[in-house]
Amino acid sequence: MKASVCILFLTILISSCNNSNVNVKKEIKDQDIFIELVSQRMDSINSCISTNPIQIEKNKNKKRYYTRQYYNILSQYADSVQIINNWTGKVKDFEYKKGEESSFIFLNIEIEYNGDNYKVGYPYDRIILKSVYTIDNNSKENDVAFNNMSNINENSNVYLMGYFNRSMNGHISIGEKFNEFNFTILNISTSPITNNISDNTRSAIGEKFKELKIIGLGMLNKKTEKQIKKETSSLNMDSIKNTLIDDDKKLLDKIEKSYLLNIAREYIDKK
């Protein structure tokens, strides 16, 4: 009888470990798919580059089309993934600044391609995620991501949970180069992140992103106040949020706060 119980316990334990490994492998595949998309789009854009001024003029519309494709396709992919979990990368830059009320952690994280598509080559076999983690000084003690950052330095290998920043127009937000992306960290660790997001929570996050994109378009004066109120009300976010457990409600609040802060920074920068 005891032997049977031990065998059952070991079976469950092995199954649990295997499931955990499958989740990590799935997320690594997701990051490879994203890098492949970046590489393909960059190949198209670079095909329009020329030193001949006549050819440059001829390629202008084509380059504009490929650039628009770049934003659309990568934004659609980011929307489909919503929250990335356990993407792996290496910290390239780490800077900490403490203000009177809030503190800021500036991170550049390099994500390398680990897939088997031979067409994905340097320098587009990697992307850089640029993040500014902002935290209220009174919240540091209970903030998991902030406390995990105390174990991180330049060249640390890390696991990430977060989302690609959006511009006010809803498109994915890029840095100075086409393979640099502004990114919001929700959690970061030197070991795999164990929290799994339920289907119900993912659905709520999807609706929250829709709501926040409406607000962003309003900031660009592409939607009236009446339209914003009508469209956000139709999403019934309060009712959706009430179906979540407390930890998932906190995650949704963290996403909302960081998203609004990101587009507010963009709004101020463009003034």
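Which helices and strands each supply at least two residues of the lining of the largest pocket? I noted β3 (126-136), α4 (144-149), β5 (180-189) and α8 (246-270). This is a predicted model, so I keep that in mind throughout.

Pocket, continued. I get about 1,500 Å³ of space in the largest pocket. Its lining runs to 47 residues, with Tyr-133, Ile-185, Leu-186, Lys-254 and Ser-258 nearest the centre. Helix α8 gives the largest share of that lining, 14 residues. I sorted the lining by class and got 16 nonpolar, 17 polar and 14 charged residues.

Next I looked up Gln-31, which sits in helix α1 (residues 2-46). Is Gln-31 buried or exposed? Gln-31 comes out buried, because its relative accessible area is 0%, and the cut-off for buried is under 20%. Its side chain reaches the backbone nitrogen of Thr-88 at 2.9 Å. Leaving out residues up to four places away in sequence, I list Asn-86, Trp-87, Thr-88, Ile-111, Glu-112 and Asn-114 as touching Gln-31.

Then the rings. My search of the whole structure gave 14 aromatic pairs. One of them, Tyr-70 with Tyr-71, is edge-to-face, 5.5 Å centre to centre and 90 degrees between the planes. Tyr-70 is buried at 0% relative accessible area, while Tyr-71 is partly exposed at 25%.

Tyr-96 and Phe-146 make a tilted pair, 6.2 Å centre to centre with 50 degrees between the planes. Tyr-96 is in strand β1 (residues 84-98) and Phe-146 in helix α4, so this pair ties together parts 50 residues apart in sequence.

Last entry: ring pairs link Phe-34, Tyr-77, Trp-87, Phe-164, Phe-181 and Phe-183 into a cluster.

Technical notes. Residues are numbered from 1 along each chain as its sequence is written. This is a predicted model: local features need pLDDT of at least 70, side-chain atom pairs count only at pLDDT 80 or more; totals for chains, interfaces and linings use all residues. Side-chain values use heavy atoms; hydrogens and water are left out. On a 1 Å grid over the protein atoms alone, a cavity is a set of points where a 1.4 Å probe fits but cannot get out, and a pocket is an open set with protein on both sides within 12 Å along at least five of seven lines; lining residues have an atom within 4 Å of a point. Grid points are joined across faces, edges and corners, and a volume is the space filled by probe spheres set on the points. Helices (H or I, at least four residues) and strands (E, at least two) are DSSP runs, numbered from the N terminus. Ala, Val, Leu, Ile, Met, Phe, Trp, Tyr, Cys and Pro count as nonpolar, Asp, Glu, Lys and Arg as charged, and the others, Gly among them, as polar. Buried means under 20% relative accessible area, exposed over 50%, partly exposed in between (1.4 Å probe, protein chains only). A polar contact is a pair of N or O atoms within 3.5 Å; within protein, one must be able to donate a hydrogen and the other to accept it, and residues adjacent in sequence count only if both atoms are side-chain atoms. Contact means heavy atoms within 4.5 Å. Rings of Phe, Tyr and Trp (its six-membered ring) pair if their centres lie within 6.5 Å; planes under 30 degrees apart count as stacked, over 60 as edge-to-face and the rest as tilted.
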